Amino acid sequence: MTREDAEAVTVRMAKPVLAYLASRCAAHEDAEDLSQEILFRAYRSLLSRNDVGDPDRYVWRCVRNGLANYYRGKARSSVGVPIDELAETLPDPDDPFANREDDEILFRLRSEIAFLSVQRRRIVSAYYFDNRTTDAIARELGIPAGTVKWHLFEARKELKERLTAVRDSEQLSFNPIRFAKVMTNGGVGSMGGNDRFFRSILSQNIAYSVYREPKTARDIAKDLGVSPVYVEGEAEFLEEYGFLVRQGDRYSANILINEPDAEECALRETMYDRAAELIGDGLCDALTASGLLEETDHLWGGVSGPMTMKADPPRDRNLMLWTLVPYLAAVSGQKLREEEAKVSFEEAATVRPDGGHNICETWIEPPGIGPILPDGWCGPCWNRWDGFCIWQTDSPWSGRRVTDNYTSEAMRDRGLLIALSEGAELRPEETARLCERGYIAAVREGGCVKTGFRCVWIDGADMNRRLIEVGDRVREGCREQIRKLKQPYIDMVMKRTPERLRAVQAFGLGYLFHSDGAFIYRCMKRLLDAGRLTLPDEELRRSLTLAVIDERE
């Protein structure tokens, strides 16, 4: 490796290496000295080698080896501690493996110390690694010296048992779970959607560990095979935002974690496919036969093709159906849903300290079975303001429009859309924004601008009611079939849900085949696969599944 490349690697790694060592060394000065030594050795080694495929990984291996030597040196140079007190926990000097760079026993000893209680951990660290006397430790902690000695005795006994026993670690320690989806049902807060809180594998596995039964931070750490030091801080953070709840010293998950097996997945797929056939096909047929797609007084948009100052582009029925079918799949049948509802949103949702008021639901898909929703799917999303609503769903066909700043972006869009509908003249950059976000098409000529709505604009409460009535009739026609279709799935899911979260689960299941992303996706995919919908040109795709509903007086 060239000198410049080796320097770049070591400079880039300096900060994370120091942070890593500072949390594992007895003193910050030790961490600084050790990081300099390790990085210097890594730099010289990189200069002499041309076979390092991943330099960062190589540096971390050097860090691991250097830290092992540090632990060994600390353990063997402890003063004031009879050697027989350490003999039962430290490696045997005659062990041929004791001098290995990756001394497993030393790492296990350090790891097992982390599983001691907070006070016992402080006493062991101060006595064995900081070379403090029992009297000094007693003064610092404000406890009798005899209590310090008792803690040391109990700690040695506990460490011996841990090191000599074969740990029956939970599978999470070597095969952590990963959430395929983290969904937010309700309003987000200033911190954003729930997926932001579960981006790390650590946070996901902490919640998973306490989903079925409450556990202490030490129990969670055992499951995950990590130090309780890391679990404690993350668990407190998740508790602060309502994703965990604590009773005494035990945490429980306050989120839904759906982990279907093959049987449940098969039942789910059959159920969704049949519901998409009954409702999705029915909505497409009913909309086409209703004559509403031809009305232009109160149903705008869906224009495609080139726009000129003299000619309006035609309304595209395909583009209209791309939005109206999923919109009605989400909003129709509310009376039927309310009749079957057993839990209200207020009963099921959590109010979070950042202003969020929502339900967090996650999915873990079994190996070899496709995800419940494809990458790129988000929604359906509603943003309402005094009779004005922007509704949309992002999909693999439309591209991504919903971001972490979606609520504020939608509010800005609302102001521009209202101004445009009322005949106001927008600035060029404002017109360009609405075009880019899929709402309109525009053409400029001689200082004049002409616009047309590419998205679907439902003008007035009466037109919205007439559309929803189309969906209501479709659902009423297959009401009994749908009820029988979903009941076995509901029974299976509820049986597998922890009792404390069954009300939350029941609320979500009440929306099956309504504002249900998995159902809406299957309706659209079925119509697309059957050729009843066609994928439009690239320039129109940002307008798919995007509706504006203006019910203002």
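Me: What makes the contact between the side chains of Glu-269 and Arg-522 a salt bridge?

Reply: The N to O distance is 2.9 Å, and a salt bridge requires a side-chain nitrogen of Lys or Arg within 4 Å of a carboxyl oxygen of Asp or Glu; the pair therefore qualifies. Glu-269 lies in helix H12 and Arg-522 in helix H21, so the pair ties together parts that are 253 residues apart in sequence. Helices here are DSSP runs (H or I, at least four residues), as are strands (E, at least two), numbered from the N terminus. The model is predicted: local features need pLDDT of at least 70 and side-chain atom pairs count only at pLDDT 80 or more, whereas totals for chains, interfaces and linings use all residues. Residues are numbered from 1 along each chain as its sequence is written, and side-chain values use heavy atoms, with hydrogens and water left out.

Me: Why is Arg-522 called buried, and why is Glu-269 called partly exposed?

Reply: Buried means under 20% relative accessible area, exposed over 50%, and partly exposed in between (1.4 Å probe, protein chains only). Arg-522 has 8% and is therefore buried, while Glu-269, at 26%, counts as partly exposed.

Me: What makes Arg-526 and Asp-281 a salt bridge, and which parts does the pair tie together?

Reply: The closest N and O atoms of Arg-526 and Asp-281 are 3.0 Å apart, which meets the criterion. Arg-526 belongs to helix H21 and Asp-281 to helix H12, so parts 245 residues apart in sequence are tied together. Asp-281 is buried at 14%, and Arg-526 is partly exposed at 32%.

Me: How do you know whether Lys-450 is buried or exposed, and what of Asp-312?

Reply: Lys-450 has a relative accessible area of 17% and is therefore buried; Asp-312, at 61%, is exposed. The two form a salt bridge, with the closest N and O atoms 2.7 Å apart. Lys-450 lies in strand E11 and Asp-312 in the loop between E5 and H13, so the pair ties together parts that are 138 residues apart in sequence.

Me: Why are the buried residues of H17 said to line one face of the helix?

Reply: In helix H17 (residues 428-436), Glu-430, Thr-431, Arg-433 and Leu-434 are buried. Seen down the axis, these buried residues fall within an arc of 155°, so they line one face; the arc is that of the directions from the helix axis to the C-beta atoms. They pack against helix H16, strand E10 and strand E11, contact being heavy atoms within 4.5 Å.

Me: What makes E5 and E8 the edge strands of the sheet?

Reply: The open sheet of five strands has the order E5-E12-E13-E9-E8, with mixed pairing. Strands E5 and E8 each pair on one side only, where pairing means that DSSP finds at least two bridges between two strands.

Me: What makes a set of residues a nonpolar core, and which residues touch the most other members of the largest one?

Reply: A nonpolar core is a set of buried Ala, Val, Leu, Ile, Met, Phe, Trp, Tyr and Cys residues joined through side-chain atoms within 4.5 Å. The largest has 57 residues, of which Leu-324, Ile-458, Leu-467, Phe-513 and Phe-519 touch the most other members. Its largest share, 11 residues, comes from H13.
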